[in-house]
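User: I have a structure open and want a quick tour. Can you walk me through it?

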Amino acid sequence: MLQQVNGHGSGSAAHGGESLREDLQEFLGREAPLQQLDDLTKVNPVTLETVLRCLQARYMADTFYTNAGCTLVAMNPFKPVPQLYSPELMQEYHAASQPQTLKPHIFTVGEQTYRNVKSLMEPVNQSVVVSGESGAGKTWTSRCLMKFYAVVAASPTSWESHKVAQRIEQRILNSNPVMEAFGNACTLRNNNSSRFGKFIQLQLNGAQQMTGAAVQTYLLEKTRVACQAPSERNFHIFYQIYKGAHAEERVRWCLPEGATFSWLPHPERTLEEDCFEVTREAMLHLGIDAPTQNNIFQALAGLLHLGNTRFADSGNEAQPCPLVDDAQCSVGTSALLLGLPEDHLLETLQIRTIRAGRGQQVFRKPCSQAECDTRRDCLAKLVYARLFDWLVSVINSSICAAPNSWTTFIGLLDVYGFESFPNNSLEQLCINYANEKLQQHFVAHYLRAQQEEYAVEGLEWSFVSYQDNQPCLDLIEGSPVSICSLINEECRLNRPSSAAQLQTRIESALTGRPCLGRDRLSPEPSFIVLHYAGPVRYRTAGLVEKNKDPVPPELTRLLQQSQDPLLKVLFPADPEEKSQEEPSGQNRAPVLTVVSKFKASLEQLLQVLHGTTPHYIRCIKPNSQAQAQIFHREEVLSQLEACGLVETVHVSAAGLPVRVSHRNFVERYKLLRRLRPATTLGGHGLCPDGGRSERPPCTEPATLRGLLQEILHALPAPLHCGRTKVFMTNSTLELLECARAQVLEQCARHIQRGWRRHRCRTQARQRRAAVLIQAAVRSWLARKHVRRLHAAATVIKRAWREWRIRMAFLASEELDGVEEKHSSQAPCSPSFSPLPLAQTRLQGAITRLWPLGLALANAAVGVHGFQRKLVVFACLQLPVGSPRSCTIQTAQEQAGVLSIRALPQGSIRFHCRKSPLRYADTCPGPSPDSVTGLNQILLERHRPGHV
């Protein structure tokens, strides 16, 4: 106990109070940096209050995305933020080596799912579950994710494939405005509330390129066509054609300006979703041409006119209910637009057909006013539901890829948010039931399954308490007795159902259930279900009728008789249908109710989700007024409690969300042993051979842990080895992937280095071989050329020899004739002595060698003296016996004489000049006893002399 000593106690208390205030101010001053905490697991301590303050600080700083461990929290900004979803930002997240290091964003989730598909780690298929209340931004989030996938998953290599990818991308994106126009409506909580659930399957091929998509829808709220809650609107498409139709289209569809329709409340409100041209253009891109669009909008206009058909009470059960005064025109217009006979349409709405007895006799019974209104509404809901399903099939046929063209998929689940209105019926029960199932899937996947698996694997783990909604699901769908089973049983009973009786059956059969409540002050029969997001009161009135969803067969037969091309497609004539319309007695098949169909489709969806790697995005609505920069703590707190976000943060902060089996871990990361330094082999308790034995290194947890420590060195992130799996955080997985990428890069460099070395060696060998081949070819060509030259030279020499011998022979023959002539003409000349026989033959050969009459006396070599004289006489055909009768003179040194001529009775001169012939200057070495050529004779000059 503190005591006051000399007044110091009060001073100490005052000082302590002051320091406490300083600490409190310091603590409150830390509220500003909360906007920098991008993960709620970093908040300390993790409580609802601290999480709420962190989200509020980030929201007021225009930071709308925050990580919550394995979940992304998305706050609705309620204002356009174009820079937050630009294509440049998409590319930034796609090109980042580690997108988790960037700011939290839906693109981070999209890139993580896309990289998981590329890594081919089981399970390869991915799914993104977007959940939250109505108006929290689920539809916008799904739309942005589709745009992101369309951008990053379209990377074709050729121009043709680029055009195909662009067409697929455009069709996938164009399916959004069409689905939203026909399936979304303005509610109390959201101006663009999805009134149906959809699962979009984005199909990827082996190269992770988007090849197509498929859309699966769940539970369209078709009752909204004929019944809208106060302050709510009908589907967007009705307002689009009412406001956006052109003048000629208004005439064609009978939609005059200022016309009022009872099924079109609040037409004066203008929303962003009322753009008619966007819907028409999107339908055109999906393959719905202009005539088909005209038929669609004409049928919708016919439904609007059908809503103005009102009946009055006849006052007599035997008489059909008459129309009110201004309803006759609406019936005629509706019949004209729907292509139906007006009388037959009115008769079908007023009179019902009953088949009874063994002979199936037909009875016609007039309907009451309420029954007429019900049949009118049923006709409108039937047409709109068939039209919506037909649009979904057209969209799927336009964007769906062939089964053999895609291998993996990324699923986007956009379902209705949790709903609680003053009056809740079967639609809200099914919607909240779907949210309960998705919440259980999340709890089973991330909370309960994680903690149970930690215990099975032998990991040290302090269990976190979480809100399990299994009791609520047992109340709704459990066996053998549940709310759904009781409602279905009421539908099978052949008696009219009472709302009070149904309430009594539910309370008596399900008494003691913890999630069932009762409002004793409610004037209407109802029951209360305590959902994970809060209690909801459901009215039992009309619950059984909505679950039956009865369609009178005469309405179907009426629509099959329509002359409208679209209605002929929606309601084809089936001859077998007549025999199966109303089976009687024990042959009657069990009634397929709305709850049964919805439950079957939901189970199928969850089966698909269980086969994928799920990713969760929790959309939070900061206020119910849909205004920016307003943060209502109470509303956000209720949403955080409803989705179990605090438990998620606790488990995610302490848990290990990534788990890989030993075999898969070794198969993927065994190459990381290349990073192990050689000096650390003996320091981690490995096997004696350094972990290189044939036995898998992960058979023992201690060995695997030592090997992982050896690979990752001193890794600060937690990593645990269980009995059959390896557990790690996302940061550890990223470190492993970075190290694996580093090793692969090193291996790639080694491969590239070896390939380059091999290529250089191969090129060098090829170069040497080419040089050898070229040398051999050149040698062969040279030898071939030389052989050809030798052969040609041999032929030339042979021909020359033959010609020379022939010429010599001919010359000798002529010389013989000349000698004989000279010897006969001058036998007795004493001054002229005969020549020897060999010299005479040589002179004759020389003389006959030049038959052109050119003198050989000017040759530098050859004959001399008397032989020269004989040559001249023989060439000029001069008489040898009379030498004094003529004189021969050679003038080699006198220029200007161009010819050699014989002057009768006088002297003869030989004139030479340079020859104009080509190569005349070339003088081969002459033989001393042969004449070398004409040019040589003309070029060689001697001193003039007289013979």
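User: What am I looking at?
Analyst: This is a predicted model. The protein has 29 helices and 20 strands.

User: What share of the residues is buried?
Analyst: Of the 947 residues in the protein, 45% are buried.

User: And how much accessible surface is there?
Analyst: About 48800 Å² for the protein. Carbon and sulfur atoms account for 55% of that surface.

User: What about contacts between residues at least 6 apart in sequence?
Analyst: Among those contacts, 68% join residues at least 24 apart.

User: How do strand 3 and strand 14 run, and how many bridges join them?
Analyst: They run parallel, and seven bridges join them. Strand 3 covers residues 126-132, and strand 14 covers residues 613-620. Val129 has Tyr616 in strand 14 as its bridge partner.

User: In what sense does it pair with strand 6?
Analyst: Antiparallel, over eight bridges. Leu204 stands opposite Met210 in strand 7. The two strands form a hairpin with five residues between them. In that turn, Gln208 has a positive phi of about 55°.

User: What comes up in the loop between strand 7 and helix 7?
Analyst: Leu219 is found there. Leu219 is not a glycine, yet its phi is positive, about 50°.

User: Which strands form the open sheet of three?
Analyst: The order is 11-12-13, with antiparallel pairing. Strand 11 (516-517) and strand 13 (534-539) are its edge strands. Strand 12 (residues 526-531) pairs with strand 13 over six bridges. Phe527 stands opposite Tyr538 in strand 13.

User: What does helix 15 lie across?
Analyst: Helix 15 (residues 470-477) lies across strand 11 and strand 12, at about 150° to strand 12.

User: Switching to helices. At what angle do helix 7 and helix 10 pack?
Analyst: At about 100°, with their axes 10 Å apart. Helix 7 is therefore roughly perpendicular to helix 10, as angles of 65 to 115 degrees count as such.

User: Which residues meet there?
Analyst: Ile237, Phe238 and Ile241 in helix 7 meet Phe297, Leu300, Ala301, Leu303 and Leu304 in helix 10. The contact divides into eight nonpolar residues, no polar and no charged.

User: Which residues are buried in helix 11?
Analyst: In helix 11 (residues 328-338), these are Ser330, Val331, Thr333, Ser334, Ala335, Leu337 and Leu338.

User: What do they pack against?
Analyst: Helix 8 (247-253), helix 10, helix 12 (342-350) and helix 20 (565-570). Just after helix 11, Gly339 takes a positive phi of about 70°.

User: Last topic, the backbone. Which peptide bond is cis?
Analyst: The bond from Ser479 to Pro480 is cis, with omega near 5°. Pro480 sits in the loop between helix 15 and helix 16 (483-492).

User: And where does Phe78 lie?
Analyst: Phe78 lies in the loop between strand 2 (71-75) and helix 3 (87-95). Its phi is positive, near 55°, in a residue other than glycine.

Technical notes
Residues are numbered from 1 along each chain as its sequence is written. This is a predicted model: local features need pLDDT of at least 70, side-chain atom pairs count only at pLDDT 80 or more; totals for chains, interfaces and linings use all residues. Side-chain values use heavy atoms; hydrogens and water are left out. Two strands pair if DSSP finds at least two bridges between them. Helices (H or I, at least four residues) and strands (E, at least two) are DSSP runs, numbered from the N terminus. Contact means heavy atoms within 4.5 Å. Axes are lines fitted to C-alpha atoms, for helices over the stretch in contact, and angles run from 0 to 180 degrees between N-to-C directions. Angles under 35 degrees count as roughly parallel, over 145 as roughly antiparallel, 65 to 115 as roughly perpendicular and the rest as oblique. Ala, Val, Leu, Ile, Met, Phe, Trp, Tyr, Cys and Pro count as nonpolar, Asp, Glu, Lys and Arg as charged, and the others, Gly among them, as polar. Buried means under 20% relative accessible area, exposed over 50%, partly exposed in between (1.4 Å probe, protein chains only). Accessible areas come from the Shrake-Rupley method with a 1.4 Å probe; for residues, only the protein chains shown count as cover.
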